[in-house]
Structures are given as structure tokens and as C-alpha cells.
Amino acid sequence: CGPAIEEVQEETQLDAAADSVKSIAKLWDSRTFAEIMQKIEEYISKQPKAAEVLGPVEAAPEYRVIVDANNLTVEIENELNIIHKFIRDKYSKRFPELESLVPNALDYIRTVKELGNSLDKCKNNENVQQILTNATIMVVSVTASTTQGQQLSEEELERIEEACDMALELNQSKHRIYEYVESRMSFIAPNLSIIVGASTAAKIMGIAGGLTNLSKMPACNIMLLGAQRKTLSGFSSTSVLPHTGYIYHSDIVQSLPPDLRRKAARLVSAKCTLAARVDSFHESQDGKVGYDLKEEIERKFDKWQEPPPVKQVKPLPAPLDGQRKKRGGRRYRKMKERLGLTEIRKQANRMSFGEIEEDAYQEDLGFSLGHLGKSGSGRVRQTQVNEATKARISKTLQRTLQKQSMVYGGKSTIRDRSSGTASSVAFTPLQGLEIVNPQAAEKKVAEANQKYFSSMAEFLKVKSEKSGILTTP
């Protein structure tokens, strides 16, 4: 929960009359704090034996100390934030810009303790180099030379140093508690500790009221444990995320990008439920189940963060609706031909570019008859036959029609459209004048063409005289 508290940007409005840090930060001198720290020192020296943790975990006297110690770490976090605010308010008189240059609370407190009244110390100071990065030191030293701050009195400096010492000691105590809890969690709940870390495991176990109670809880409730964290005095609660407990703020979930954290918290809490049930029956003391579950979680995390596969350009899929049923038949075909565009309408629709139309400057501007009357086609209302809907004629019928169209004997010049000067009297050098049929030769050619070169010609079966075998030419 540490990082979550640091994210809160709103400032606490502390009493300006609070001269000493002890008037606002009372945890350090409290009896509860002293008792818990004393018990921790007692237990930390003796390691528990595996035989001592056979019954329910809650029955062990050390368990109560672990739960109390965990709750104490949350209180220490709150106290550190209050002390940080106190030091910021007091030290802003000397160096107001430092607050924005060093945002981390503990780094700020350590820097203030080191610098004190003389801001020149930040140059070539080994202690400051251990606290801040070189880039930050450079910015701080440049800002310090131009700051508008005033010198602090001895009394003010003492109070600030006292607050700094208290904050650093509280921080040390917090780390001591973490070390102790983590060393014991490997005995109490080894599998749970492997998944979310010892400190988070101890926190959720403490708030659930024991490992047995935790093992009976569903995953959706475990995820919310620690969500109702007490708001700091005067801090805004708007930046505290709803429905996020200790698991959401654990390292394993926070290592992921923000958009995946809620999903990850759900997954981790589900695996924590399984691990807690294993631990409550003192099974898998070596943590094998925990390692397996953590491996599964990490595999899924990797899978979520994989880049999406490269999209392949696919052709458009076939349309879902099938082919429409087409109407057929003579009546439908005739109707289409009747409603088709006539030649006259086509000519009226056509337009020549670059030519001035007849009525371009008259009343009906833009209306013209197109090509109508310009290129005399001779055909006025002939209907257009659509090839798609035209009736099909069988090849046999086509051949019959072709035979019928052939005219035998003399043809009139009108029907044949042949030259009017054609005559049946021919002049030959042998016989002189001779009456012949001028179409006779043409008729022979036409018959031969129809027999062999017509598009409707069939294969012929010719019986050869020699062998009597049918051959196909």
C-alpha cells in the first residue's frame, strides 16, 4: 500500500501552530508500537521448528504478533506521510524549490537532514550522492544558488532535524517488521508467499482473520481485502482506486501495464485462494504448489503482453445471400424487350462534347435532343434485343432455317438485291450468244460452302469404295 499512498497528490492541512513533530506524530511514543517491536525482537532470535506448526496456524502465539506487526506497517506508512508534510512546511522557508525537485518522501527527508541551513553542502558531498542521482544533485545545486529562501533559526532547525530522525527511525522499524514477517511467512504459508510475496501474504492473511478463514474465502473477496484502507487525514480519496486491495498493489500485479492490472489482480487472487487452501492443511511445505501456480501466472502475463499477430490481407468473403432467383420464360423476355431502350431514346441520351447544342442559349438551358436528328440512322423505334434474355435456338433449328433461306432457280433482282444489269444471255467465244443461268455457279458454291464450311455443318460419314470402311473426313 506504500506506493498507493505516495500517489495521493493532495496536501494535508496541518495545524500551523504545531511546532514540534511529536504533537502530530504520536505513533513513535505509543505503547502499542513499543510492545509490538519488543515482541518482534524476542521472536526474531528464535527460529520456529516445523513440528510447532502442526495445528491450526491461528493457535500459535507468534501468529498474533505477525498480524499486529502487519497492521503496524500500515500505520507507519501513514505516520511517515504526516512527518514528510511537516518537514516540507517547515523547510519551505529555507528552500521552497526542493519539494518539487525531490518528490520521493524519504529521499526528501534525508536530503533536508544532510543540507540543513547551508545549501552549499550539496556540491561535492558524498552523503548527498548516496541519496540522490548526479543529475538531480546538479539541478538542486543550481536552484539552491538562486533560491529566495531565508535562513532558519537554531530552534527551527532543531525541530526539523528531530522530525527527520523520527521519520528515518520509523522507516527502519518498518523494514525490521517486514524482514520478521517475511521470515515467518515461509513457515506459516510458504505457497501463498511465493505467489504474492511474504509481506502481501501477511497483509491479506491478517485482514482475513487468519489462514483458515482466508482458505474459506472465494477469490473475488480475497481480491478486495485491504480495499477499505483508512484515508489519511486531509488527503483526498479521489486518487484511491475503487475495488483494489493489497493484491492489486502487490509487486507481481504492479509490474504489468496499468490496463492489464485489474485482470491480473483477478487471476492472482484466484491462485492465492488455491495456495491458501494448500497452506491451511500444511501440505506442500517446500512450496512446490506455489511455484507451479506462479509459473502459470507468469505464462499468462507473457501471453497477454504478446503483440497481436500480423494481419494478413484476405480477399472479401463470399456474400452470405445466395443467388437471386431469375425469372425466365417468353412473357418475361417480351416484357424486357418492350421496356428496353429504343434507338431513338439512345440517340436522345447521347451528347457530343465540344459542340454547341441547338438550344444552348434558349429558355430550356441544358435540355437538348442529343444526337437525335444529327446522324440519321433510319431506325426509329426498333426495340433493342438484350442478348442475355434472348431465346436460345437449337443448332438443328438453325440448320433448317439456313436451308430454307437458300433460293433455288432464278431470283428476281429485287429479292436478290443483285445488280440490275445482270443478264441470262452470255457471250462465249465458241458458241457466240448463249443463254445461261448466272446464278448456277453461285448456287454450286453456296451448296458446297453450306456443306463443308457452314458454322452449322456436321461430320459426314463417307463410305470408301476400296475397303468398305467408314471414314470420317
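Colleague: Let's begin with K174: is that lysine buried or exposed?

Modeller: K174 is buried in this predicted model, with a relative accessible area of 8%.

Colleague: What does K174 form a salt bridge with?

Modeller: Its partner is E77, and the closest N and O atoms of the two are 2.7 Å apart. Because E77 sits in helix α3, which covers residues 61-91, while K174 belongs to helix α8, residues 154-188, the pair ties together parts that are 97 residues apart in sequence.

Colleague: And E77, buried or exposed?

Modeller: E77 counts as buried, since its relative accessibility is 8% and the cut-off for buried is under 20%.

Colleague: Which residue does E156 meet in a salt bridge?

Modeller: The side chain of E156 meets that of K93, at 3.1 Å from N to O. E156 lies in helix α8 and K93 in the loop between α3 and α4, so this pair ties together parts that are 63 residues apart in sequence.

Colleague: How accessible are E156 and K93?

Modeller: Both come out as partly exposed, with E156 at 27% relative accessibility and K93 at 34%.

Colleague: Which residues do salt bridges with shared partners join into one network?

Modeller: K271, E296 and K300 are joined into one network in that way.

Colleague: How many salt bridges does the count come to?

Modeller: The count comes to 15 salt bridges by this rule, and the ones we have discussed include E77 with K174 and E156 with K93.

Colleague: Okay, on to cysteines: how many disulfides does a search of the whole structure find?

Modeller: The search finds 0 disulfides, and it covers the whole structure.

Colleague: What about C164 and C272, are they buried or exposed?

Modeller: C164 counts as buried, at 0% relative accessibility, and C272 likewise counts as buried, at 1%.

Methods
Residues are numbered from 1 along each chain as its sequence is written. This is a predicted model: local features need pLDDT of at least 70, side-chain atom pairs count only at pLDDT 80 or more; totals for chains, interfaces and linings use all residues. Side-chain values use heavy atoms; hydrogens and water are left out. A salt bridge is a side-chain nitrogen of Lys or Arg within 4 Å of a carboxyl oxygen of Asp or Glu. Helices (H or I, at least four residues) and strands (E, at least two) are DSSP runs, numbered from the N terminus. Buried means under 20% relative accessible area, exposed over 50%, partly exposed in between (1.4 Å probe, protein chains only). A disulfide is a pair of cysteine sulfur atoms within 2.5 Å.
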